[in-house]
Amino acid sequence: MFVINYYKEIKSKLIDNEVYAKIKDYSKERHRVITYFEIGRLLNEAGGKYGDNIINEYSKKLVVEVGKKYNRRTLFRMKQFYNVFSNEKVSPLATQLTWSHYSELLSLNNESKISYFLF
């Protein structure tokens, strides 16, 4: 039976993203958005399997092991980003803006307001 270790996969993706960002400046925003979307998917799956508190647990470890910017709020935004943009018709649009833009939009905490600004 295959058991996925969500934490290790999330940590690995974040470390890969940190390395990639230092090497490939020209496309780092697009890569960041895609990476955070994938992490949002993993957090969503892990939350379904282990409960919503998993974000708190992962953020505590990631802040120490990867960097302080991967706190609870950032991980929550990644999960929220995935939930808003997981629709197949919307996903290609998700790489059009920077992560900073999406963070601002996600702070609205209302999918209809977010959709209003995007579409």
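Student: How many helices and strands does the protein have?
Tutor: This is a predicted model, and its secondary structure comes to 6 helices and 0 strands. From the N terminus on, the elements run α-α-α-α-α-α.

Student: What percentage of the residues count as buried?
Tutor: Of the 119 residues in the protein, 36% do.

Student: And in the largest nonpolar core, which residues touch the most other members?
Tutor: Y58 and M78, out of the 27 residues in that core. Helix 1 (6–23), helix 2 (28–50), helix 3 (54–65), helix 4 (72–85) and helix 5 (99–106) each supply at least two residues of the core.

Student: Which helix gives the largest share?
Tutor: Helix 2, with 7 residues of this core.

Student: Back to M78. What does M78 touch, leaving out residues up to four places away in sequence?
Tutor: M78 touches L14, Y36, I39, G40, L43, Y70 and W99.

Student: What about contacts across the protein, how many join residues at least 24 apart?
Tutor: Counting contacts between residues at least 6 apart in sequence, 60% join residues at least 24 apart.

Student: Which residues form a nonpolar patch on the surface?
Tutor: L108, Y116 and F117, with about 360 Å² of accessible area together. Y116 lies in helix 6 (residues 111–118).

Student: Why does Y116 count as exposed?
Tutor: Because its relative accessibility is 63%, and exposed means over 50%.

Definitions and conventions:
Residues numbered from 1 in each chain as written. Predicted model: local features only at pLDDT ≥ 70, side-chain atom pairs only at ≥ 80, totals over all residues. Heavy atoms only, no water. Core = buried A, V, L, I, M, F, W, Y, C linked by side-chain atoms within 4.5 Å. Buried < 20%, exposed > 50% of the residue type's maximum accessible area, 1.4 Å probe, protein only. Helix = DSSP H or I, 4+ residues; strand = E, 2+ residues; numbered from the N terminus. Contact = heavy atoms within 4.5 Å. Patch = residues over 30% accessible without salt bridge, like charges linked within 9 Å, V, L, I, M, F, W, Y side chains within 5 Å. Areas by Shrake-Rupley, 256 points an atom, 1.4 Å probe, with all protein chains shown as cover. Salt bridge = Lys/Arg side-chain N within 4 Å of Asp/Glu carboxyl O.
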